[in-house]
Amino acid sequence: ASEGVDRVEPPDLGEGVLFKMYAGSSNRLDLHEVGRSVLNKSMLDSNHVMILDHGSELFIWVGTGADDNERKSAWRIADNFLKLNNRNTNTPVHLYKEGHNIKNKVWNSIFGS
């Protein structure tokens with residue numbers, strides 16, 4: 001007989017959790033959840049930086065109208081997101097810019113090419 005192991009399965013993220021970066025109080029950048037599990041391209045906001053948590057990967061998408069503060073802070077915010085959520089800081093993080101060709105299969109399966 002095999003010995004039982006208490007193992008909690010991670011929650012089913014479906015396609016992931018999508019966040020929008022925006023300027024909060026005191027010129028601080030915050031993340032606001034836009035969608036979870038079932039996502040689509042219309043959820044991407046061209047005026048902001050978006051972060052997709054797909055579980056095994058993190059995606060940063062920079063909209064063409066995102067302000068300079070969001071653009072410059074995107075990597076730092078993604079890194080802090082991993083740390084604050086007790087995630088491995090070696091999690092792959094991808095950065096894409098709106099209007100550029102994205103060849104990542106995971107991204108394209110969620111948002112199309």
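Begin by selecting strand β1 (residues 17-23) together with β3, which pair in the antiparallel sense over four bridges; strands here are DSSP runs of E with at least two residues, helices are runs of H or I with at least four residues, both numbered from the N terminus, and two strands count as paired if DSSP finds at least two bridges between them. This is a predicted model, in which local features need pLDDT of at least 70 and side-chain atom pairs count only at pLDDT 80 or more, whereas totals for chains, interfaces and linings use all residues. Residues are numbered from 1 along each chain as its sequence is written, and side-chain values use heavy atoms, with hydrogens and water left out.

Within this pair, pick Lys20, whose bridge partner in β3 is Met50. Keep Met50 selected and look across to β4, where Trp61 stands opposite Met50. Strand β3 (residues 49-53) and β4 run antiparallel and are joined by five bridges; they form a hairpin with four residues between them, and Gly55 in the turn has a positive phi of about 95°.

Continue to strand β5 (residues 93-97), which runs parallel to β4 and is joined to β4 by five bridges. Here Val93 stands opposite Leu58, and Tyr96 is the bridge partner of Trp61.

Now show the whole sheet, which is open, has five strands in the order β2-β1-β3-β4-β5, and is mixed in its pairing. Because β2 (29-36) and β5 stand at the edges, each with a single partner strand, one side of each is left without a neighbour in the sheet. Neighbouring strands are turned by 25° against each other on average, direction ignored, where axes are lines fitted to C-alpha atoms (for helices over the stretch in contact) and angles run from 0 to 180 degrees between N-to-C directions.
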